[in-house]
Amino acid sequence: MSEIPKEFDPEFIRTRSTPERQIYRAENTSTEPMKSLLKSNPEIYFVSPKRRSEWGTWEYKPGSYYDTTTGAKHPAWQDQDLPEPTKDIEQLRADLLRWGYCKVEDALSADQVAVVRQRVLDQAEGERLAGIAQRTPSGQNINCCVNKGRCFELLIEQHPDIMQGGPLVEQLVTEALGAGWISTSMIAALSMKGGVPQALHQDQGVDLDSRSPMSVNVLTAVTAIDETNGGTLIIPGSHLVLSDAVREGRPVGKLPPAINLDAPAGTTVIIEGRMLHGTGINRTDTPRILMLNGMNKSWMRQQENWMVSVRPEVLKRASPKLLHRMGYQATTGGHTTEGHGFGARGTINEAAGAVVDFRLAADRGEYMRVGELGSESTAEELKAPYTLREVVSKARAGGKSAPVGIGLPTREDLASK
Ligand SMILES: [Fe+2]
């Protein structure tokens with residue numbers, strides 16, 4: 001055996017990879033803007049109780065970021081032109097750019113709110129009865145809502161049947177994230193009396209010097225929210241302050257105080273991923289319900305792994321749009337299965353169907369993956385019913401296959417000629 005060149009020796013590499021020699025080291029190890037932010041604004045730090053037995057008992061510290069009120073009532077903010085609920089697309093654009101959030105008025109009609117509220121409350125009760133409820137520091141979350149009611153599937157689609165203002169919300173999200181964006185999760189967040197506030201944070205975890213958001217959160221108020229019941233804590237305009245500081249390589253200074261988001265039920269608040277926010281405190285006896293529907297650029301990984309978790313019933317009835325939002329992207333270069341996802345459209349839905357076919361085969365315990373093959377492979381191995389064959393040939397039968405596919409002549413085809 002020939003000797004391995006010394007340049008490939010791990011020890012040789014290590015001695016030449018001291019921190020100062022590494023490329024992009026500053027970028028890849030930066031903890032900005034949070035590091036300097038916490039230094040200049042230590043009062044926004046909050047650590048949730050760690051033990052279950054501590055739920056409901058915590059020390060309220062007057063003067064902390066969570067000891068606040070709505071923008072209209074806050075002395076530091078009441079003269080500012082903060083976002084108000086509106087249906088005016090120009091105003092919504094301006095609010096999102098300047099303040100990092102906007103409020104779409106009556107995005108859900110009263111009837112649509114009632115449908116979602118009923119489903120959330122019933123599911124929350126069911127999960128408690130089943131002993132699988134997720135207790136959070138502020139109350140209860142219902143995760144993976146896409147499996148828990150038709151209304152949630154439609155909400156992810158921003159379908160007018162459940163969100164009358166869906167087309168307007170969709171347009172704004174598309175402008176913020178660019179075409180092809182996907183959903184990262186759909187959670188119903190119930191904030192309850194006794195819960196703690198959440199530390200202020202940015203949802204966006206990458207490219208914090210970006211000039212536009214990498215993610216947005218579409219928050220829908222299923223109950224009215226205000227300073228009494230856990231209206232989300234936000235620092236308006238912080239998205240620009242923080243991304244500018246990172247881009248210019250300077251520390252974040254003192255920020256203005258946080259306020260509680262307030263909105264009537266049925267309002268959809270679009271919050272961009274760079275803006276500082278956190279769950280507020282509910283001091284009332286009624287649960288505060290917010291639907292949290294995060295959206296990402298199409299190439300980012302999702303919070304909820306819907307490739308694994310979505311129920312087959314939901315997949316079978318999902319529209320191309322819902323499949324795309326759930327990350328079943330077969331067409332935009334994002335996701336493929338065994339390399340043949342893109343272009344090879346399945347039979348269940350035109351777009352993304354091939355990916356669904358692979359998933360459903362796995363559900364049946366019948367997903368046969370292509371493994372090692374070679375000139376010595378047996379006839380049985382070569383003729384095996386690989387799921388790839390089935391899915392791609394089904395897609396071709398529909399006449400919508402891409403120009404690339406499978407099916408070059410086999411050894412036997414060649415021998416018979
Ligand atoms: Fe968040």
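Modeller: Let's start with a term: donors are N, O and S atoms within 2.8 Å of the metal (3.2 Å for Na, K and Ca), and since water is not among the atoms, sites may look incomplete. By the way, this is a predicted model, where local features need pLDDT of at least 70, side-chain atom pairs count only at pLDDT 80 or more, and totals for chains, interfaces and linings use all residues. Residues are numbered from 1 along each chain as its sequence is written, and side-chain values use heavy atoms, with hydrogens and water left out.

Colleague: What makes His201, Asp203 and His277 donors of the iron ion?

Modeller: Their atoms, NE2 of His201, OD of Asp203 and NE2 of His277, lie 2.1 to 2.2 Å from the iron ion. The cut-off is 2.8 Å, so they count as donors. Along the chain the donors follow the spacing H-x1-D-x73-H.

Colleague: Which parts does the pair His201 and His277 tie together?

Modeller: His201 sits in the loop between β4 (182-191) and β5 (215-221), while His277 is in strand β9 (residues 277-278), so the pair links parts 76 residues apart in sequence. Strands here are DSSP runs of E, at least two residues long, and helices are runs of H or I with at least four, both numbered from the N terminus.

Colleague: Why is His277 called buried?

Modeller: Buried means under 20% relative accessible area, exposed over 50%, and partly exposed in between (1.4 Å probe, protein chains only). His277 has 9%, so buried is the word.

Colleague: What makes Gln204 and Asp207 a polar contact?

Modeller: A polar contact is a pair of N or O atoms within 3.5 Å; within protein, one must be able to donate a hydrogen and the other to accept it, and residues adjacent in sequence count only if both atoms are side-chain atoms. Here a polar side-chain atom of Gln204 and the backbone oxygen of Asp207 are 3.1 Å apart.

Colleague: How do you know what Pro83 touches?

Modeller: Contact means heavy atoms within 4.5 Å. Leaving aside neighbours within four places in sequence, Pro83 is in contact with Asp95, Trp99, Tyr101, Cys102 and Lys103.

Colleague: Is Pro83 buried or exposed?

Modeller: Buried, because its relative accessible area is 3%.
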